[in-house]
Amino acid sequence: MIVGVPKEIKDHESRVGVTPAGVRALTEAGHKVLVETGAGDLSAFPDDDYQNAGAEIVGTAFDTWRLADMVVKVKEPTEKEYKQFRDGLTLFTYLHLAPLPELTDALISKGVTGIAYETVRDAAGTLPLLTPMSEVAGRLSVQMGAAYLQKEHGGRGVLLGGVPGVLPGSVVILGGGIVGTNAAKMALGLGARVTMIDLNLNRLREIDDIFGGRVLTLASNSYNIAKSAAEADLLVGGVLIPGHAAPKLVTAAMVRDMKKGAVIVDVAIDQGGCIETARPTTHSDPSYVVDGVVHYCVTNMPAAVPNTSTLALTNATFPYVLRLANEGADQAIRNSPGLAEGVNTYKQNLTYAAVAESQNRACKPVAELL
């Protein structure tokens with residue numbers, strides 16, 4: 001198989017889909033790897049490293065996409081990349097289709113087999129390719145939130161850890177999953193007061209055990225969310241329903257009742273966000289203010305730390321890349337129910353039910369189409 005690794009073009013996206021180590025493994029297995037020049041530069045993987053591992057460096061994105069049987073990326077394609085789609089192409093990347101009907105249209109109309117990192121499941125039913133970036137984003141949410149609480153960024157001027165004689169800042173986390181747990185680790189490490197809100201009472205019991213009671217836990221309902229948001233210095237949105245648009249748990253009215261200069265970091269913004277006032281932002285223009293509350297809603301937060309993020313991501317994705325290359329997409333999907341869960345589009349069909357529900361479209365299971 002010919003595997004293409006294009007340079008990411010989303011604003012300030014600095015990760016790369018395959019590392020030189022991955023290139024070495026693919027070429028040793030008999031595959032050809034095309035890497036667009038400069039694709040790994042911002043992750044500290046220069047072209048020479050890829051060449052030494054056996055890749056062919058390609059001068060343009062056009063040739064990388066045109067010649068490849070399978071393209072491996074990090075972020076969902078931008079509109080400029082839609083023209084690269086073609087029938088029979090396999091695309092393996094984050095897709096986050098629920099809030100992106102135009103991308104869904106482009107994939108379906110061109111007959112692309114679109115396999116989304118965020119919906120691939122493992123034998124335990126978890127989301128192994130979402131987990132590493134959720135870990136990074138969860139930790140970054142508090143790091144960024146702490147920075148934006150500083151006065152020069154428009155924040156309240158609160159030091160999350162406080163000092164003797166001064167209360168630490170209050171961090172409220174919506175969702176007790178991977179993002180929320182990692183956000184709590186960072187917030188506790190800084191010395192903040194931490195409250196976590198989740199629907200799943202068993203998960204709240206686990207959080208209480210994991211953190212030895214240092215994280216306050218609340219059952220998720222509109223009253224608890226509104227009350228906690230009003231008291232928060234930093235509010236982190238970490239809610240995920242795989243494939244679906246995120247539920248709007250914090251209303252605009254709740255935001256109006258928050259402290260002036262408080263900060264919201266909506267990690268769920270890739271799936272539309274769980275804060276009503278949240279809208280996608282970029283690393284070039286990361287924040288804005290609504291009703292005196294600073295919103296940080298960058299859709300590709302892990303790109304701020306690309307070396308760590310690329311290594312963490314490819315540790316998880318590469319076994320699937322190698323399997324798809326060795327077996328071919330159709331056979332790999334047949335052989336792996338978990339990988340089949342990742343197929344969002346196939347032969348001009350939408351195949352992932354949650355995306356279909358979010359966009360009010362018809363859906364056909366990929367098993368019926370193979």
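1. Arg279 lies over the face of Tyr288, at 3.8 Å from the ring centre. A charge is taken to sit over a ring if NZ of Lys or CZ of Arg is within 6 Å of the ring centre and within 35 degrees of the ring normal.

2. On the basis of these remarks: the model is predicted, local features need pLDDT of at least 70, side-chain atom pairs count only at pLDDT 80 or more, and totals for chains, interfaces and linings use all residues. Residues are numbered from 1 along each chain as its sequence is written, and side-chain values use heavy atoms, with hydrogens and water left out.

3. On aromatic pairs: rings of Phe, Tyr and Trp (its six-membered ring) pair if their centres lie within 6.5 Å, with planes under 30 degrees apart counted as stacked, over 60 as edge-to-face and the rest as tilted. The count by this rule is 5 aromatic pairs. One of them joins Trp65 and Phe85 in a tilted arrangement, 6.0 Å centre to centre with 45 degrees between the planes. Trp65 lies in helix α3 (residues 61-67) and Phe85 in the loop between β4 (70-72) and β5 (90-93), so the pair ties together parts that are 20 residues apart in sequence. Helices (H or I, at least four residues) and strands (E, at least two) are DSSP runs, numbered from the N terminus.

4. Trp65 is buried, at a relative accessible area of 1%, and Phe85 is buried as well, at 4%. Buried means under 20% relative accessible area, exposed over 50% and partly exposed in between (1.4 Å probe, protein chains only). Trp65, Tyr82 and Phe85 form one aromatic cluster.

5. Which residues of helix α1 (residues 20-28) are buried? They are Pro20, Gly22, Val23 and Leu26. These residues cover an arc of only 150 degrees around the axis, which puts them on the same side of α1; the arc is that of the directions from the helix axis to the C-beta atoms. Ala21 and Glu28, on the other side of α1, are exposed. The cover over the buried residues of α1 includes β1 (2-5), β2 (32-36), α2 (47-53) and α10 (306-327), where contact means heavy atoms within 4.5 Å.

6. After α1 comes Gly30, whose phi is positive, near 95 degrees.
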